[in-house]
Amino acid sequence: MNTLICPATLRPGQPVALQYTGPQAWLGRLAQGRRADQLPALMAAVHTLCAHGHALAARLAWRAALGERALPTPAERTHLTLAVARDHLLHM
């Protein structure tokens with residue numbers, strides 16, 4: 001199973017038909033050797049569904065790790081809202 005492509009495995013006939021192996025299983029290996037400021041873009045590239053939200057969450061985590069304020073700015077909130085609306089319109 002390639003967890004980068006399919007984070008869940010179907011197991012028909014077993015009591016639990018869907019087994020989730022989330023990013024914690026492989027994200028550390030992907031991030032290894034990269035600069036920390038590259039991780040928001042990496043998160044967005046890996047999580048194409050809600051990529052903008054994942055990138056913002058990673059940026060906020062990075063800020064918190066630096067001891068900075070880890071709340072989105074009004075501009076970041078607006079950008080996220082517009083990006084999500086655009087994604088929804090593209091998928092409809």
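Trainee: Which helix is Arg-63 found in?
Mentor: Arg-63 sits in helix H3. Keep in mind that this is a predicted model.
Trainee: Is Arg-63 buried or exposed?
Mentor: Buried. The cut-off is under 20% relative accessible area. Arg-63 has 16% relative accessibility, so it counts as buried.
Trainee: Which residues is Arg-63 in contact with, leaving aside neighbours within four places in sequence?
Mentor: Glu-68, Arg-69, Leu-71 and Glu-76.
Trainee: What are the buried residues of H3?
Mentor: Ala-51, Ala-55, Leu-56, Ala-58, Leu-60 and Arg-63. They pack against H2 and helix H4, which covers 74-91.
Trainee: How many residues does H3 have, and how far does it reach?
Mentor: H3 has 15 residues. From its first C-alpha to its last, H3 reaches 21 Å. That is close to the 21 Å expected at 1.5 Å a residue.
Trainee: And what about Gly-67, where is that?
Mentor: Gly-67 follows H3. Its phi is positive, near 85 degrees.
Trainee: Switching to H2. Which of its residues are buried?
Mentor: H2 spans residues 39-46, and its buried residues are Pro-40, Leu-42 and Met-43.
Trainee: Why do they line one face of the helix?
Mentor: Look down the axis of H2. The buried residues fall within an arc of 160 degrees, so they line one face. As a rule, an α-helix has 3.6 residues a turn, so residues three or four places apart point the same way.
Trainee: What does the face turned away from the buried side of H2 carry?
Mentor: The exposed residues Ala-41 and Ala-45.
Trainee: And what do the buried residues of H2 pack against?
Mentor: Two helices: H1, at 27-31, and H3, at 51-65.
Trainee: New topic. How much space lies in the largest pocket?
Mentor: About 150 Å³.
Trainee: Which residues line the largest pocket?
Mentor: Thr-48, Leu-49, Cys-50, Val-84, Asp-87, His-88 and His-91. By class, that lining has three nonpolar, three polar and one charged residues.
Trainee: Last bit, the whole chain. How many helices and strands does the protein chain have?
Mentor: Four helices and two strands. From the N terminus on, the order is β-β-α-α-α-α.
Trainee: What share of the protein chain counts as buried?
Mentor: 23% of its 92 residues.
Trainee: And what share of the contacts with a separation of 6 or more comes from residues 24 or more positions apart?
Mentor: In the protein chain, 18% of those contacts.

Conventions: Residues numbered from 1 in each chain as written. Predicted model: local features only at pLDDT ≥ 70, side-chain atom pairs only at ≥ 80, totals over all residues. Heavy atoms only, no water. Buried < 20%, exposed > 50% of the residue type's maximum accessible area, 1.4 Å probe, protein only. Arc of directions from axis to C-beta. Contact = heavy atoms within 4.5 Å. Expected span 1.5 Å × (residues − 1). 1 Å grid on protein atoms, 1.4 Å probe; cavity = no way out; pocket = protein on both sides within 12 Å on 5 of 7 lines; lining within 4 Å. Points joined across faces, edges and corners; volume = space filled by probe spheres on them. Nonpolar A, V, L, I, M, F, W, Y, C, P; charged D, E, K, R; others polar.
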